[in-house]
Amino acid sequence: MIIIEVDIYTGILEYKGINFSFVFDKQELRLIPPKDKKKKIEHEWFMHKIGEGVYAGGDHPQMEQPFLVGTCNEDGNKMIFITQEGTYIGRYNFVLRIEVIAFLVLRYRECSINKMCFLSPEINCIHSIGQSFCFEYDEDFIEKGIVQLRTNEFSSVTTEAETFECNSKIIKVTFGASRTLSSGVTETPLKLNSSLCFEFDSTEDYAFIYHLWVIAKRFIQYLCYRKNVFFSKVELSTSYKGYKHIKSGELYVLEDLEEHNSEEEVLKKGCYIRQSYITGAVGSILQSIAEDSIYLRHLPQNYEEGHHIDAARFVMITAAFEWEFRRIFPEGIKKKEKKIKAEETVVQLLTPLIENNTGEIKSILKYLKKCVGNDPLSSKLTFVGMELGNIIDIFGKHLYALNGKKLKYSEMGERLAAQRNNFAHGNLDKDFDELALLDLIYLELILYAMQLKFYGVEDVKIKKAINDLFHKNIRIDE
């Protein structure tokens with residue numbers, strides 16, 4: 001049995017003990033109840049009983065399951081619709097309308113998933129597709145035009161497995177390559193693609209499968225420093241008749257199916273972090289993404305947006321630095337014993353004042369106590385500059401020199417803090433310090449240096465990653 005891509009799917013699925021006919025147009029799922037269940041659904045799902053045989057209109061019911069399982073009429077394949085629990089179920093006459101965020105099409109009625117492979121133009125670059133093949137030709141190639149293309153073994157282009165944990169399940173992650181042969185007249189005879197693959201214990205928890213898609217998406221977004229990355233295909237595999245993995249279906253996420261602008265020119269520039277730079281750190285980065293502990297909210301929507309700074313992006317990037325500083329340096333800045341004792345003394349003085357006051361005075365005193373020991377942004381940046389100067393100074397000195405300035409971390413922090421506070425507190429009448437914009441551009445690079453160093457990436461590879469990702473064209477010596 002094969003998967004047939006159609007514009008509209010129809011079939012049968014069960015929800016809350018009722019077998020519905022469904023129609024799905026890759027946007028909205030419509031459930032058509034059997035005739036003998038229409039009144040039951042209307043009365044029990046959409047109305048309140050106020051007396052014997054008397055009903056009044058009520059609130060729309062909410063989706064109570066993370067996914068719905070059905071069978072497709074067109075090809076007999078198993079279909080799973082990923083829903084958003086808690087969203088309202090709409091209705092037009094007796095037809096129910098369900099919001100769907102993704103769907104799976106599976107070849108086998110009874111199968112569990114144990115592998116996912118993600119394909120995209122970005123992955124073809126991150127794990128270079130060029131290493132999947134080589135050309136062989138004779139000296140008389142120019143005259144005869146005979147050339148042979150030989151694909152390399154899977155093992156030679158598959159990376160060492162790394163792991164991360166999600167929902168108490170261990171996920172093995174590798175980068176590899178896939179190939180598709182075709183004898184069709186209008187099709188390319190050989191298609192090569194790099195892939196990001198997740199392997200795990202077999203599961204029929206399809207909401208978990210979708211969650212892994214979210215993690216993979218954020219991972220590629222992080223490596224490209226932009227949100228507009230889309231998977232061209234997500235292949236699903238299962239174990240079958242002695243085979244460890246056999247392709248059993250595909251996952252389709254609606255946002256990947258929408259029309260979107262390609263960033264081919266950006267990829268040609270090499271604006272991404274190569275897999276070879278982060279070997280050994282892939283599992284750790286994915287673990288942080290799975291735990292939602294790495295800050296990614298500041299990523300620009302696309303490459304062009306990354307070159308424009310507004311108030312919102314300014315605040316988000318500085319917030320990203322503060323978040324990552326707390327995560328990467330949980331003990332904060334190393335302080336002298338004299339300063340530590342001074343802070344302890346201030347806390348001791350404030351404590352009885354807080355206990356002996358009420359109202360606004362007490363609130364202000366508690367706020368002051370909370371501020372004791374909090375290091376200003378300028379101090380944090382100076383500390384990071386000292387810790388990571390051998391990695392980041394090459395970019396900072398070059399950037400400020402191009403603008404006729406010198407790199408000074410303490411001054412950089414003061415400007416950023418002042419401008420951030422003006423934006424955050426709505427002080428838009430204050431003059432904008434143009435040098436703070438330069439500081440923010442450099443801060444984006446510092447963030448990646450902090451994160452990659454935290455994950456154990458070698459210093460020279462961090463430099464290369466930043467150099468490529470932000471297209472700096474600086475010579476990096478080994």
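A charge sits over a ring if NZ of Lys or CZ of Arg is within 6 Å of the ring centre and within 35 degrees of the ring normal. With that in mind, hi everyone, here are two cases. Lysine 169 lies over the face of phenylalanine 208, 4.7 Å from the ring centre. Then there's arginine 297, whose charged end sits over the ring of tryptophan 323, at 5.2 Å from its centre.

Quick housekeeping. This is a predicted model, where local features need pLDDT of at least 70, side-chain atom pairs count only at pLDDT 80 or more, and totals for chains, interfaces and linings use all residues. Residues are numbered from 1 along each chain as its sequence is written, and side-chain values use heavy atoms, with hydrogens and water left out.

Okay, rings with rings. The structure holds 25 aromatic pairs. Rings of Phe, Tyr and Trp (its six-membered ring) pair if their centres lie within 6.5 Å; planes under 30 degrees apart count as stacked, over 60 as edge-to-face and the rest as tilted.

Take tryptophan 213 and phenylalanine 231: they're edge-to-face, 6.4 Å centre to centre, with 80° between the planes. Both tryptophan 213 and phenylalanine 231 are buried, where buried means under 20% relative accessible area, exposed over 50%, and partly exposed in between (1.4 Å probe, protein chains only).

Now, why is the pair of phenylalanine 325 and phenylalanine 329 called tilted? Because the planes are at 50°, with the ring centres 5.1 Å apart. Phenylalanine 325 is buried at 3% relative accessibility, and phenylalanine 329 is buried at 15%.

Last one: Tyr9, Phe22, Phe24, Phe81, Phe103 and Tyr252 form one aromatic cluster. Thanks, all!
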